[in-house]
Amino acid sequence: MPRNPSTRMRQHAFARRMMPPWARYVTPATLRGDFAAGLTGAAVVLPQGVAFAAIAGLPPEYGLYTAMVTPIVAAIFGSSMVMVSGPATAICAVVFAALAPLAEPGSASYISMAITLALLTGACQLVFGLVNAGKLAAFVSHSVMLGFTAAAAVLIGVSQLRGALGVDAEGGGTVVERLARLGAAARDGISPHALAVAGFTMAVALLCPKLHRRLPAYLIALIAGTAFAQLTFDDLDTVGALPSVLPAFSPVLPSVDEIFLLSESAIAIALIGLLEAITIGRAFAPRTDMPFSANREIIGQGLSNVIGSAFQAFPGSGSFTRSGLNYESGARTPVAAIVASFALIALLFLIAPFVAVIPIAAVSGLILVVAARLIRAEEIRHIMRTSRSDAVILFVTFGMGILVDLEFAILAGVTISLAHFIHRTMQPRFAIGAPDPSLVQRTFRNAENFNLPECPQMLVCRFDGPLYFGSAEMLRAEFRRIAEERPRQKVILITMKGVNDIDLAGTEAIADETRRRRRLGGDLYLVARSQPFINRLRRLGLLSVIGEDHIFPDKHFAVAQIVPMLDPEVCRRCEARIFHECARAPGADPD
């Protein structure tokens with residue numbers, strides 16, 4: 001019996017709602033790039049997963065579990081089109097720092113706490129998503145992202161130098177600390193074989209796009225580098241044999257004591273992970289020409305950690321290295337991250353012997369190319385040419401990332417951005433509006449030598465910018481300066497069309513000036529057109545002070561109403577005749 005068409009329509013509508021938002025962008029063309037990028041990412045994440053697990057103080061298979069499960073969940077529920085989640089350097093370091101004082105790294109209790117930490121971290125991130133904390137990402141400016149990306153690229157590149165040079169240097173620490181240890185280790189000798197393999201891999205990776213832009217350059221480079229090493233050298237360190245294992249479904253149920261013990265570390269890791277993921281997502285969004293929702297990404301990261309903990313994964317987040325590799329390899333949708341996870345599983349079963357012989361130098365050379373391409377040199381030069389303040393923010397962020405760490409770099413950049421924003425809003429534009437000096441400058445040559453006439457009784461000025469507690473004192477200072485320089489101009493008309501926000505401190509500054517002028521026999525009037533803004537002035541009590549009849553929709557109408565109320569004796573002696581209405585004032589020339 002055929003189904004009801006309306007039933008089929010409802011089923012199709014339900015299916016569309018269940019699909020992730022990015023599914024409609026998947027096409028045969030994007031699938032080709034995504035599959036190539038996924039295979040490349042899987043080959044690269046194999047050695048990385050082992051290394052990240054070691055940084056976190058865990059056996060190697062747990063790094064692979066995190067690289068398998070976390071990217072799939074984050075890709076489905078997140079927002080970025082090309083970001084790849086999983087184990088990340090900063091998160092692994094924080095996990096080790098949090099758990100090492102509590103248990104022996106690698107022990108059963110240590111592993112259990114690491115998995116529990118993933119669950120608690122994901123729960124914190126989900127809470128952040130529910131309260132719409134993604135709006136906070138707006139405070140991470142483009143300059144901060146450029147500086148952070150450049151610092152991350154340098155950190156990634158420096159971390160790979162020991163593999164490319166074949167030296168035995170301790171990892172971890174800042175860029176400066178890593179370089180110092182690398183220099184000390186290099187004095188004992190650099191491996192020319194490792195350097196040759198790394199250089200050959202880099203050359204292939206750079207040459208492939210020139211031959212054909214659709215070639216999976218990084219995968220070809222990794223295979224070529226491995227073949228080159230196998231044919232020429234036999235003394236290079238390799239990734240080594242990896243356990244061919246799959247994560248087991250084993251949900252954790254932490255006790256109350258464990259929650260209290262690990263909650264502080266979970267909150268810290270949650271914040272660091274979200275900041276990294278949002279920054280990475282926003283950095284790659286312009287390259288993919290797709291919108292990025294910070295709050296959706298927060299929820300995706302939270303779910304990836306919660307679900308990942310049920311499959312023996314430790315906390316993960318977005319990875320700059322793998323995201324950059326993913327994008328450069330041709331990825332255009334999150335399908336690439338999903339393919340990479342399943343390809344990783346297949347690789348463990350099918351070509352584990354090949355993975356075991358991949359030279360570390362080849363992997364290092366490949367990641368060095370990725371790191372170099374993360375630095376947006378043209379955008380940095382543009383900022384240096386066009387904005388001194390943004391350039392300062394960029395280089396402070398970059399410097400903190402090099403000298404301290406990436407998390408502090410973002411915090412420093414955001415802090416300086418906010419400080420600059422507050423400083424700028426505390427100094428809004430306050431200018432005399434009649435006569436308009438800019439108009440005179442455009443009309444007459446040598447206008448700066450003119451003694452511009454002003455109405456002896458009324459001053460017309462304009463205030464642009466937010467009028468809040470930070471800028472209210474500046475407005476009071478301007479009122480005091482005007483009172484000293486123009487004591488005879490007892491009436492003032494303030495155009496407030498450029499005021500986009502006002503608070504109680506701002507209205508109090510205007511109200512106090514109104515009372516002062518009225519005591520001297522003058523008055524204060526406002527020009528404001530936006531009805532919501534006028535309603536806000538009414539709610540804050542300003543209109544009850546100045547009067548509803550003292551606010552006008554435009555300057556010309558206000559002047560037409562105010563000029564007839566000025567002192568006629570002063571108008572009679574006045575020769576300025578600034579306004580059109582002055583032609584009807586006492587003493588005006590009838591011609």
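These questions and answers walk through one serine and some ring pairs in a predicted model. Local features need pLDDT of at least 70 and side-chain atom pairs count only at pLDDT 80 or more, while totals for chains, interfaces and linings use all residues. Residues are numbered from 1 along each chain as its sequence is written, and side-chain values use heavy atoms, with hydrogens and water left out.

Q: Is S309 buried or exposed?
A: Buried means under 20% relative accessible area, exposed over 50%, and partly exposed in between (1.4 Å probe, protein chains only). S309 has a relative accessible area of 2%, so the residue counts as buried.

Q: Which residues is S309 in contact with, leaving aside its neighbours within four places in sequence?
A: Contact here means heavy atoms within 4.5 Å. With those neighbours set aside, the partners of S309 are I115, A118, L119, S250 and V252.

Q: How many aromatic pairs does a search of the whole structure find?
A: Rings of Phe, Tyr and Trp (its six-membered ring) pair if their centres lie within 6.5 Å; planes under 30 degrees apart count as stacked, over 60 as edge-to-face and the rest as tilted. Searching the whole structure gives a total of nine.

Q: Why is the pair of Y525 and F552 tilted?
A: The ring centres of Y525 and F552 lie 6.0 Å apart. Their planes are at 35°, so the pair is tilted.
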